[in-house]
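Hello,

Here is the structure I am handing over to you. My notes on it follow below.

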Amino acid sequence: MTAAKPGKKDRRTVFVCQGTGCVSGKSIEITEALARAVKEQGLDGIDIDFTGCHGFCEQGPVAIIEPEGIFYTHVTVNDVPEIVTSHLRDGKPVERLFYIDPVSGQAIPLYKDIKFYSMQQRIILRNCGHINPERIDDYIARGGYEALKKVLKEMTPQQVIDTLKASGLRGRGGAGFSTGQKWQFCYDVKAKQKYMICNADEGDPGAFMDRSTMEGDPHTVLEGMTIAAYAIGASEGYIYIRAEYPLAVKRVRLAIKQAEKAGYLGKNILGSDFSLNMHVKEGAGAFVCGEETALMASIEGKRGMPRSRPPFPATSGLWGKPTTINNVKSLATVPVIIARGADWYAGIGTEKSKGTCVFALTGKIANSGLIEVPMGIKLRDIIYEIGGGIPGGKKFKAVQTGGPSGGCLPESYLDSPVNYESLTEAGSMMGSGGMVVMDEDTCMVDIARYFLSFTQAESCGKCVPCRVGTKQMLDILERICRGEGVKEDIALLEKLGNDIKAGSLCALGQTAPNPVLTTLRYFKDEYEAHIEEKRCPALSCASLISFYILPDKCQGCGICARECPADAITGGKRLIHVIDQEKCVKCGTCLEVCPTRFGAVTKVSGETIEVPKEPIPVTAEKPKAGTAT
Amino acid sequence: MFLDKSRQLRQNCSGQYTMSKVNSAANEKERKHIVKETETILKRFTRKKQYLIPILQGVQGKLGYLPRESMLKIADYLGIAAIDVYSVVTFYNQFRLNPPGKHSIRVCLGTACHMKGGYITLDAWKRRLKIDSGETTPDREFDLDIVACVGCCTMAPVTVVDEKPEGQVEPTRVDGLLLGFGYEEGKKEKEKSESK
């Protein structure tokens with residue numbers, strides 16, 4: 001990247017991120033304001049454009065100025081005049097919008113120097129943030145649809161399948177089954193009608209990589225899907241997207257129209273005798289529809305309930321016809337594997353887990369966002385190098401992978417490599433790639449309860465162990481969180497969990513107990529504290545904590561009483577305030593609003609603090625910390 | 001969530017199905033409107049069962065919920081039993097049986113939002129609007145519901161207000177958002193507590 005000299009007539013482009021995260025930070029308005037300001041100032045050679053998600057949502061809305069590669073964070077509409085005048089006209093970048101490294105505190109102007117990006121290896125997300133997702137020409141300019149041309153002109157379906165097998169690509173939807181093998185099964189079945197389905201029903205709370213891929217680079221998914229359809233011999237394709245992702249639905253629909261017009265989809269693709277008809281199907285909000293047989297039932301217009309396999313979809317899938325279902329990320333990888341060869345792809349990652357994996361890094365982490373890393377990377381590198389560590393100087397407690405069906409891994413696993421086998425061995429799973437970091441303020445019992453409440457609510461109700469068993473487990477966990485747990489609960493939870501895993505039909509039930517079983521394995525002491533001492537060590541379970549205002553610190557400023565949503569605080573000007581424990585809803589607002597120079601509100605569990613019953617005057621001998629009114 | 005729905009379903013299945021819990025049109029004018037809108041949507045689809053979910057999505061997109069009249073009309077059109085339509089409606093989280101409020105409030109309870117106190121935010125909305133999740137205020141101004149994840153985890157806790165995700169919505173932000181709608185109740189309560 002060469003820096004463009006100011007004043008010269010090099011074409012420069014301002015790319016504003018318009019992924020869902022940045023759009024909610026008003027990035028559409030920012031794009032419009034930039035275009036207006038550039039026009040008003042009469043600046044030449046500057047294009048204003050937008051891209052899909054850059055992955056660094058924490059810093060959003062973000063903008064990149066190419067070709068310099070200057071990266072602006074937290075841009076607002078008010079920053080627009082300064083960016084245009086100072087940077088675009090006078091060539092002086094706006095330093096206060098640079099990214100600040102959370103560890104060193106240094107400002108980093110260039111995109112490529114930011115550790116969050118430099119440690120990543122982007123294959124699936126290769127175009128996200130670099131192209132306008134609503135223009136097919138941008139995708140083509142970066143080598144898009146070349147793989148499809150190669151496949152249709154030079155390769156037989158079997159050759160495509162062999163390439164995929166040689167690459168070692170495994171399904172990125174969770175189970176990690178060989179993609180090439182999956183295609184082979186479907187290819188081997190002789191049938192007039194076959195279907196190709198893209199599973200974009202990303203229902204895991206805390207995961208948004210499929211959404212970002214479809215929003216940021218929809219054509220790569222279409223290209224991968226078309227190649228897959230050619231390999232298995234399907235003439236109809238379905239993309240099953242969650243209706244909760246309206247932007248992704250819109251961009252995929254637009255991409256299909258563009259691809260059809262350009263001859264990459266539809267009848268006789270690129271002049272060959274291969275045709276593919278693409279449909280978008282909006283999911284209606286059922287987590288279980290991520291399971292392939294449930295997903296197909298949903299496309300058929302039924303309740304999305306899984307059925308037993310065999311028959312596998314490869315022999316009897318959608319409407320009883322041979323069907324292949326692949327995840328968005330698997331399909332987005334396919335064009336690259338074809339273009340760059342199986343050997344190149346097989347050279348990345350570990351022996352059994354090839355290539356890269358995408359994680360949605362969220363929770364208590366400095367740099368949350370979307371990351372793509374080679375398989376085999378250590379959890380520590382993800383959390384501390386790319387993620388920038390835990391904010392606020394808090395201590396790492398656990399990392400949860402695999403969404404609500406995964407497990408929580410403690411600090412001792414930080415140095416183990418990330419791949420399908422090692423995660424399963426530790427009691428968790430790769431899943432679709434959610435990665436939630438937890439610090440000392442997160443209660444592990446509560447988090448297990450939370451995940452189970454999700455899978456319990458989403459259980460389709462078909463199998464008894466899942467429907468009734470998870471409900472029983474949830475009841476026990478709720479009881480423990482309320483401080484009403486009994487000693488036998490731990491053994492009972494373990495037994496129930498293992499029975500549910502053994503007795504359920506689909507992956508939802510087979511994995512639902514994972515968060516409970518792993519927290520029992522690694523954080524048993526927290527369960528014991530809840531049950532035996534009626535204490536929540538993380539100060540998180542509402543029934544087991546209380547808030548107090550310390551009389552020696554309160555200056556009677558009244559902010560807490562004003563902000564308390566439950567009117568539970570009494571006091572007055574220069575009076576020590578008192579929380580009515582009966583009325584308190586434990587929302588923590590008082591703790592948050594109490595000025596840090598007073599720090600008068602405290603949160604405790606398993607103990608009581610002596611405080612006055614009624615508000616009393618702030619005594620004279622206390623230091624007059626400013627005029628606190 | 002699901003168990004409630006299935007219980008409801010079972011009640012309705014016993015004997016002759018009644019769909020008793022399902023909201024009907026309040027008056028003849030509303031009924032005509034519902035029928036007309038439903039028919040407009042139906043015209044876009046051929047009579048195949050695979051279109052049931054897109055049809056339901058279309059009708060809800062127009063009316064904001066699925067009233068009894070629409071479901072009967074759809075069943076009739078596709079040539080399937082009304083209870084089959086109802087069973088699909090109650091299976092998927094997206095479909096609503098209650099008429100919507102003027103403004104929709106969707107509190108995200110995804111993992112990241114949970115960890116950053118999404119449930120506390122939900123409590124605050126419930127307290128301020130005086131309704132439970134899944135309900136609509138009596139004046140039909142607001143409806144409150146939860147959503148599993150909207151994928152804006154970096155802005156947690158998130159509340160989607162009228163389709164627009166709002167980040168860092170903590171109890172104090174709830175009041176701020178309500179004031180933005182000129183929702184007076186929140187304001188009045190505050191004044192009361194201050195004058196105490």
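A:Glu292 has a relative accessible area of 15% and is therefore buried (buried is under 20% relative accessible area, exposed over 50%, partly exposed in between, with a 1.4 Å probe and protein chains only). Its salt-bridge partner is A:Arg309, at 2.7 Å from N to O (a salt bridge is a side-chain nitrogen of Lys or Arg within 4 Å of a carboxyl oxygen of Asp or Glu). The two are 17 residues apart, with A:Glu292 in helix H12 and A:Arg309 in the loop between H12 (292-299) and E10 of chain A. A:Arg309 is partly exposed, at 39%. Helices (H or I, at least four residues) and strands (E, at least two) are DSSP runs, numbered from the N terminus.

This is a predicted model, in which local features need pLDDT of at least 70 and side-chain atom pairs count only at pLDDT 80 or more, while totals for chains, interfaces and linings use all residues. Residues are numbered from 1 along each chain as its sequence is written, chains are lettered from A and ligands numbered from 1 in the order in which they are written, and side-chain values use heavy atoms, without hydrogens and water.

Other salt bridges

Over all chains there are 40 salt bridges. In one of them, the closest N and O atoms of A:Glu82 and A:Arg96 are 2.6 Å apart. A:Glu82 lies in helix H3 (residues 80-89) and A:Arg96 in the loop between H3 and strand E5 (99-100) of chain A, so the pair ties together parts that are 14 residues apart in sequence. A:Glu82 is partly exposed at 35%, and A:Arg96 is exposed at 52%.

The sheet

Four strands of chain A form an open sheet in the order E9-E8-E7-E10, with parallel pairing (strands pair if DSSP finds at least two bridges between them). Its edge strands are E9 (277-283) and E10 (323-327). E7 (195-200) and E8 (236-242) pair over six bridges, and A:Ala200 stands opposite A:Ile241 in E8.

The cores

The largest nonpolar core has 55 residues, and A:Ile241 is among those with the most contacts inside it (such a core is a set of buried Ala, Val, Leu, Ile, Met, Phe, Trp, Tyr and Cys residues joined through side-chain atoms within 4.5 Å). Helix H10 (residues 218-232) of chain A gives the most to this core, with nine residues. A second, separate core has 49 residues, including B:Met71 and B:Phe95.

Regards
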